[in-house]
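Let us walk through this model, one local feature at a time. Keep the sequence and the coordinates side by side.

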Amino acid sequence: MRPWPGNPYPLGASYDGAGTNFAVFSEAAEKVELCLFTGRGKETRVPLTEVDGFVWHAYLPTVEPGQRYGYRMHGAYDPAQGLRCNPNKLLIDPYAKALDGPVRWDEAVFGYNFGDPLSRNDRDSAPFVPKSVVVNPYFDWGSDRPPKIPYHETVIYEAHVRGLTIAHPDIPEELRGTYAGLAHPVMIEHLQRLGVTAVELMPVHEFLNDHHLQEKGLSNYWGYNTLAFLAPHHAYTMRNSRPGSQVHEFKAMVRDLHEAGIEVILDVVYNHTAEGSDMGPTLSLRGIDNHAYYRLVEDDPRYYMDYTGTGNSLNVRNPHTLQLIMDSLRYWVTEMHVDGFRFDLASTLAREFYDVDRLSVFFDLVQQDPVISQVKLIAEPWDVGPGGYQVGNFPPLWSEWNGKYRDTVRDFWRGEPGTLGEFASRLTGSSDLYQEDGRRPYASINFVTAHDGFTLADLVSYNDKHNEANGEGGNDGESHNRSWNCGVEGPTDDAAVLELRARQQRNFLTTLMLSQGVPMLLHGDELGRTQGGNNNVYCQDNDIAWVDWSLAGKNAGLVGFTAGVAALRHAHPVFRRRRFFQGRPIAPRRRDSLADIAWFTPDGTEMTEGDWDSGFGKCVIAFLNGEGIADLDQRGERVTDDSFLLAFNAHWEDLEVTLPTAEYGREWAIVVDTAAGEVVSLSTAPGVVAAEPPMTRAGATHVVPARSLLVLQRTV
């Protein structure tokens, strides 16, 4: 096969309708071979003789979509110096847009011989390494447009492509666990009922199924082990799909979700790769240019810096590594039409040398990029390295998973002392974390549960983790979960315990949906999904981790309640303000003497400094002034809303509360009662029960049941 010179950009395999351009970066290589494979595995090697700026390239006019390929790198092999070129190892293109299957574990995929880590393994790895696939870039997007949901109107649903749909009885069997299944009309209808405006998908980049997990009969279910940053994971395609079809199936999913008004946010892992530590396999970046792509220990480059607990960290100080990350992000936005990213262990990307630096080169590039800077950017603001917990410290473009929100809300509702003041701060958008650097309440991604940890049902059913199925002797997973089992560990038939658990779930859901910031709901929490107390199901691709849709009937009341409080949030801008509360009157309107927010003790008097400092405080009333919103709508009109009272009682006993005086409102309707499990509406908001709510008046005394929340809407 006679190659044409081709072009050094773009990197990867690019089909133009007549042929394919191949380009790969390697400063370490002395010779590069492009390897083409037939369906029967026959290999043809094409030397790449054109090199520009360490990019090796060629154009092959006869190569079309579906062609399987890889690279072999000739060069120095000296692990003690961080050099790991070995032409006997077939390497995945870092810019591959699809792979044809999983890694088949064999000693040949490692750079050393088992039992002798200092040796060199020269067995050919090609039979065991997935091949990169040339893909067809053309797709009928129709009239697809990004929904561009404003942050303050966003409700996120964290989901796993396979786990969400694999057991759904109303989705055709061949679509379950696939991209197509996630966008099936049944799923879209469910998401719309919940008021979801964005699905945040756990990793869909092509990832590795770890050898040690397979040996134990387990698998890498979550997928935080990236193998190719531009390729959708092959296993989420429909049965008997051809190699490369995952690209079209992913695009079709995005198109269908967009048509329903739902954005797609990807959970991305740019902090490390699946090649792991120095004892890991040689599959891609390690063999292409180890020094460029990985952070090596400076005084002993045989080893890798590990800020993630996974064996390696990407070298974001190198311009070619930064280019790979940025090119990947742009590809997912421009070609795959996704709407944002959640960055796993994002503090790792901020490490310039040792310390976490929020003004690192990576964040400078994102700030300047005309594509990436315009989509939703969410940081998981921590890693396992020194100083890695960085909640509140990311740049202004970024929102963050607010771990302090999760911890505070959990502590408040389980009755921990000394949380009242911080609870109020988290409820109102965490201004202590985000206001000083000019960010808004929607910088806070609020969550009570996420994939990593207990589900909502387990949060109120277990004091301790129960991870026996993971085979790690209970040493994995977080041990301090801030959970409370309501009196019995695990399953029970005790009606009083079950009622309390149901109430606590409603408390968490209502608090989440009515807090300032962006709420994130974990898939299946609206159904009462359980993982049997396992708080680390990363390796459980089975019914322990899958969403059990039979619960939709059993727990229909919880589904309806979740939809109801979400609808209440959508209907009332006072719960999703664009600016922080100021604690003072906002505009010269009627009731202009009222602050935008006010706090009251159970006896109806305004909170004092001493009230906030009382460690035993478990009850507080918040007044949200619907006429105190300092926002303008899209047409420049001032935003106004009804006013609300939120009466929280996290005490273990019923408490009497007195409503504030008439200046705050003469008559009120009780629209949410978590003790009764009811959400009603004064309007026709979709998803909310149309009913006559209980009415009350200023100064009236009400019993707020133990561990419950009342939401009252002002009528006069």
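Contact here means heavy atoms within 4.5 Å. With that rule, leave aside the neighbours of Arg 120 within four places in sequence: Arg 120 is then in contact with Tyr 77, Cys 85, Asn 86, Pro 87, Asn 88, Gly 111 and Asn 113. The model is predicted, so local features need pLDDT of at least 70 and side-chain atom pairs count only at pLDDT 80 or more, while totals for chains, interfaces and linings use all residues. Residues are numbered from 1 along each chain as its sequence is written, and side-chain values use heavy atoms, with hydrogens and water left out.

Where does Arg 120 lie? Arg 120 sits in the loop between β9 (83-84) and β10 (132-133). Strands (E, at least two residues) and helices (H or I, at least four) are DSSP runs, numbered from the N terminus. Arg 120 is partly exposed, at 33% relative accessible area. Buried means under 20% relative accessible area, exposed means over 50%, and partly exposed lies in between (1.4 Å probe, protein chains only).

Now the backbone. Tyr 9 and Pro 10 are joined by a cis peptide bond, with omega about 0°. Pro 10 belongs to the segment before β1 (12-15). Ser 430 is not a glycine, yet its phi is positive, near 60°. The loop between α10 (420-427) and α11 (431-434) holds Ser 430. Ser 430 is buried, at 0% relative accessibility. Arg 482 also has a positive phi, about 55°, without being a glycine. Arg 482 lies in the loop between α12 (456-459) and α13. Its relative accessible area is 23%, so Arg 482 counts as partly exposed.

Next, helix packing. Axes are lines fitted to C-alpha atoms, for helices over the stretch in contact, and angles run from 0 to 180 degrees between N-to-C directions. The axes of α9 (residues 403-413) and α10 come within 9 Å and cross at roughly 130°. That makes α9 and α10 oblique to each other. Angles under 35 degrees count as roughly parallel, over 145 as roughly antiparallel, 65 to 115 as roughly perpendicular, and the rest as oblique. The α9 and α10 crossing is left-handed. In a left-handed crossing the near helix is turned anticlockwise from the far one by less than a right angle; clockwise is right-handed. Helix α9 contributes Lys 404, Tyr 405, Thr 408, Val 409 and Phe 412, and α10 contributes Leu 420, Glu 422, Phe 423 and Arg 426.

Helices α13 (residues 495-514) and α15 (residues 556-571) make another pair, with axes that come within 9 Å and cross at roughly 20°. They are therefore roughly parallel to each other. This crossing of α13 and α15 is right-handed. Among the contact residues are Leu 509 and Met 513 of α13, and Phe 561 and Val 565 of α15.

Last, the cysteines. A disulfide is a pair of cysteine sulfur atoms within 2.5 Å. By this rule the count is 0. Cys 486 is in no disulfide, and the nearest cysteine sulfur, that of Cys 619, is 19 Å away. That 19 Å is too far for a bond. Cys 486 is buried at 6% relative accessibility. Cys 619 is buried too, with a relative accessible area of 8%. Finally, return to Arg 120: Arg 120 and Cys 619 are 499 residues apart in sequence and 66 Å apart in space, C-alpha to C-alpha.
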